[in-house]
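Here's a quick briefing to read with the model open. Take a look at the structure first, then go through the notes below.

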Amino acid sequence: MSKMRDGCGFFVSCWRAEQRGWRQRLLSMVFVIFLISSGEASSQVRYSISEELHEGSVVGNIAKDLGIELNLLKQRDFRIMADSTEALFRVNEQDGVLYSKQKIDREAVCKDNNACFINLKVVLDNPLEVHYVLVEVSDLNDHSPSFPEKIKRLEIFESALPGTKYQMENAFDPDAGSNSVQQYKISPNEYFRLEVKDRGKDGKTPVLQLQKQLDRESKSSHKLVLTAIDGGNPPKTGTVEIIIDVLDVNDNMPVFTKDSYSAVLQENAPIGTTVIQVNATDLDSGFNGEVIYSFGKVKDRIKEVFDIDSVTGEITVKGNVDFEEEDSYDIDVQASDKGSIPFKTDKSVIIKIADTNDNPPVIEVASLSGAVPEDCRPGTTVALISIQDLDSGVNGKITSHVATDSPFDIKPSIQNNMFAVVTKSKLDREQQTFYDITIIAKDAGEPQLTSEKTMRVTVSDINDNNPEFNMATYAFYISENNTPGASVFSVKASDGDDGDNALISYQIHKRADEHKVLSFLNINSDTGEIKALKSFDFETLKSFQFQVVASDSGTPSLSSNVTVHVFILDQNDNAPVILYPVSSNGSAEGVEELPRNVNAGHLVTKVRAYDADIGYNGWLLFSLQEVTDHSLFGLDRYTGQIRTLRSFTETDEAEHKLVILVKDNGNVSLSATATVLVKVVEPREAFAASDVKSSAKDAEDTNVTFYLMITLASVSALFIISIIVLIAMQCSKSSTDYTSKYLQDTNYDGTLCHSIQYRSGDKRYMLVGPRMSVGSTIVPGSQANTLVLPDRRRPSEEVR
C-alpha cells in the first residue's frame with residue numbers, strides 16, 4: 001500500500017515538474033548531484049554586539065571561529081547568502097572577518113522589546129558548506145520615555161472627595177528590559193499623590209489620588225508635572241504637564257458690594273431715568289455665580305413707579321414721580337443666583353424725592369435725515385430739533401447735550417431754540433448700522449428740570465469690506481468611491497457690507513502647477529457648494545489642496561481666497577489576495593506532504609495573504625471553511641498557521657482537503673479562499689533517528705552523518721555517470737540556482753545541527769536543525785526538522 005501511494009506521488013510530482021520546462025529539470029538534477037558528490041557541512045557561531053555599532057566595526061572572525069583555512073576563502077567563494085540582513089553586514093573573503101556595513105539600531109532591526117537576533121548564512125563552494133552565524137544585538141538606553149500628550153487636562157468638581165483616583169496614560173519607551181519605563185513621580189503638591197499600578201506586560205500605569213478637597217473659589221486650576229523614569233544608567237526621563245480645572249458647585253451666596261444703598265430723585269423725573277444701580281457678586285462660576293435682581297416684598301405703588309433690570313440691577317423710573325404724593329421710598333431688592341437650588345440675599349434701597357419746578361423742557365424733532373452715508377465728513381447735519389420750556393426766567397433757560405458717548409453732537413442754530421445734530425467723527429456701518437441719539441435738555445431752575453428725546457439715525461453702506469471666509473483654512477474628509485456629481489462639501493464667506501456690496505460669488509482658483517484632480521471639481525458660484533465630477537480612489541490619491549476665491553458684487557469688486565485641504569478616506573473596496581498557496585496555474589491551491597507520525601501542534605503550512613486597504617479594512621482573519629476531519633487540523637485565525645490537533649492513527653485517511661476562508665474586517669467584509677491538500681505519507685527509518693538538535697552538539701553523530709552521505713553517494717554513482725555531460729554544461733550556474741532555491745523558513749529559531757540524509761521508498765530525506773529549510777519541500781514532523789530531497793528519478797519542486 002505504501003509503495004502504491006509513493007508511486008502515485010512520484011507520478012504527480014513528475015507531471016508538475018514537466019510543466020516547468022526542461023531547463024528547470026536539468027538545473028535541479030545538477031544541483032542534487034552536486035550536493036551528493038560534494039556533501040554539505042553546516043555549523044553555527046554566535047556573536048554579540050551592542051546597538052549603535054558604527055559602520056565598518058568588527059563583529060567577529062568567522063573563518064577563525066569555524067576553522068576554515070584563509071587561503072581557501074577566495075577560491076571557494078566565501079560569502080554571505082543573499083538575505084534581508086545582508087545590508088547590515090559584510091564578510092572579508094581575504095581574512096574571513098565579519099564587519100558591519102552600516103550603523104545598527106536595535107529598535108529598527110527588532111520592532112519589539114524582546115531579545116534581538118540576526119541570522120546570517122555563510123556559504124562556501126566546492127565542496128558546498130553552509131555555516132550559520134547568529135548575531136545578538138544588545139540594547140542601549142538611547143530613547144527617553146514619552147507621553148502621548150505634552151499637556152493633559154483634567155476636570156474635577158470641587159465637591160470631589162479625598163481618595164478619588166484618576167488614571168493617567170502610560171509613557172512609552174522603545175528600549176527593552178530595564179531600559180524601559182520603570183517608575184513615575186509627580187511634582188510636590190498638597191492636593192494629589194501618585195500611585196503606580198503594575199499591569200504586567202502592559203507596563204506601569206500612573207494613577208492620581210486626591211488627598212485634600214479642592215476649592216474653586218480659592219484656586220480654580222492646578223498644574224502638576226508627571227515624570228516617567230526608565231531604568232537606564234544614567235536614567236532618562238519624559239514629562240507631561242497635567243492641568244486640573246476645578247469645576248464649580250453652588251456653595252456661595254450672592255453678596256451686595258455696599259452695606260447700604262440710597263439715592264435722591266427729582267420729582268417728575270422722565271420715565272426710564274436711572275435712579276440707582278445695585279450690584280451683588282457671587283464667588284461661584286457659571287449659572288451658580290450668575291446673579292439676577294428683583295423686587296422683594298414691596299407695595300404695588302412702588303412697582304407702578306419703579307422698575308429694576310434683572311441683569312444689571314439698575315432701578316429706573318417707571319411711572320409718575322410726584323413729591324406731593326410720596327417724599328421717599330424704602331424698596332426691598334433681592335439678589336439671587338441661578339443654581340439648581342438658588343441662594344438669595346435681600347438689601348434695602350432708600351430713594352428720596354426732591355421737589356422741583358413742574359415744567360420740564362420740551363424737545364421736538366423738526367427735521368431728520370433717513371440715512372447717512374458711512375463716508376460722510378464730520379460736521380454733516382443729520383437732524384434739526386426744537387427745545388422749549390414753558391417756564392420763564394432761570395427755570396426756562398435751557399442747556400442740551402447728547403446723552404451717550406456717540407459720534408454726534410448738538411450745535412445751536414441762528415434761530416432761537418433751534419439746534420442742529422451733526423456728526424463729530426467718522427461713521428462705520430459695519431460696526432454700527434444705526435444710532436439711537438438721546439438728546440437731554442435741562443433748565444436752570446432749582447431743582448433743575450430735564451427732558452430727553454431719542455432719535456434713530458441709519459448709516460447707509462459703501463463697499464469697503466472684503467469677503468471673509470468663516471474659517472482661515474478648510475479641511476474636509478471624503479470617503480473614496482463617492483458618487484460622481486454629488487455634493488461633497490461647501491465653503492462659506494460673509495461680507496460686512498450690505499446689499500450688492502455683500503452679494504458673494506465663488507470660484508476655484510486653478511494654477512498651472514496644481515493637481516489635475518481640480519478638473520474633477522465644480523463649485524456653485526452662488527452657494528459655495530463643491531461637487532466631485534468623478535469618484536476618488538484612496539489607493540491612487542490620498543489628499544490634495546486648492547484655493548477658492550470669494551468676490552463681492554460692489555464697484556469696484558473686492559475679493560479674498562482660502563485654502564481647502566481635502567483628505568480621502570479609505571473604504572473596503574479591495575478583497576484579500578492569496579500569496580500562498582498558489583499553484584502553477586495561478587489558483588490558490590497547494591499540496592503539503594506530512595509524515596504520519598507527527599505529534600499534535602505540528603505546523604503543516606501557513607496561508608499568506610494581503611489586502612490593499614488599510615486599518616480594519618486591511619486586517620485579515622483566517623477561518624476553516626471546509627475540512628475533512630475537524631479533529632485533525634486547527635487554524636490560527638490571526639496568523640493563518642495550520643497545525644495538527646492530534647497525532648495520526650492508522651484509521652485516518654491519507655489525504656485531507658482544507659478550504660481556508662480569508663476575510664477582512666471592513667463593514668462589508670470581502671474574502672478569498674485557499675485550498676490546501678494534505679497528503680499523509682508513511683515514514684521509514686527517519687523517525688527512528690534521535691533528536692537532531694542534540695546530534696548537532698555530538699561529534700559522534702557527525703561521523704554517522706558522514707557515513708550515511710557516502711553510502712547515498714555510492715548508490716547514486718550510476719546516475720552521476722549518466723548525466724556527467726549535463727554537469728559540465730551547468731556547473732557555472734549551479735551555485736546561483738542553489739541560492740535561489742535555498743530559502744529559510746520564516747519561523748526559524750536559529751538552532752543548527754549537522755545534516756543526516758536517508759532514503760524511504762522512492763523519496764530521500766534530510767534531517768537538519770529545527771525549522772531550517774534546505775533544498776526542497778519541508779515535510780512536517782519530527783519537530784519540523786525533516787526535509788524532502790529531490791530524487792534522481794524526478795525533478796525537485798520549488799522551495800516555498
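Leaving out residues up to four places away in sequence, Lys165 touches Glu195, Val207, Leu208 and Gln209 (contact means heavy atoms within 4.5 Å). Keep in mind that this is a predicted model, where local features need pLDDT of at least 70, side-chain atom pairs count only at pLDDT 80 or more, and totals for chains, interfaces and linings use all residues. Residues are numbered from 1 along each chain as its sequence is written, and side-chain values use heavy atoms, with hydrogens and water left out.

**Around Lys165**
- Lys165 sits in strand E9, residues 165-167 (strands are DSSP runs of E, at least two residues, numbered from the N terminus).
- Its side chain makes a polar contact with the side chain of Glu195, at 3.1 Å (a pair of N or O atoms within 3.5 Å, one able to donate a hydrogen and the other to accept it).
- Lys165 comes out at 47% relative accessibility, so it counts as partly exposed (between buried, under 20%, and exposed, over 50%, with a 1.4 Å probe and protein chains only).

**The four-stranded sheet**
- The open sheet has the order E24-E26-E29-E28, with antiparallel pairing (strands pair if DSSP finds at least two bridges between them).
- E24 (362-368) and E28 (408-412) are the edge strands, each with a single partner, so one side of each has no neighbour in the sheet.
- Six bridges join E24 to E26 (residues 381-388), and Ile363 stands opposite Ile387 in E26.

**Confidence**
- The protein chain averages a pLDDT of 77, and 78% of the residues score at least 70 (pLDDT is the predictor's confidence in each residue, from 0 to 100).
- Over residues 1-41 the pLDDT is below 50, and over residues 685-705 it stays under 50.
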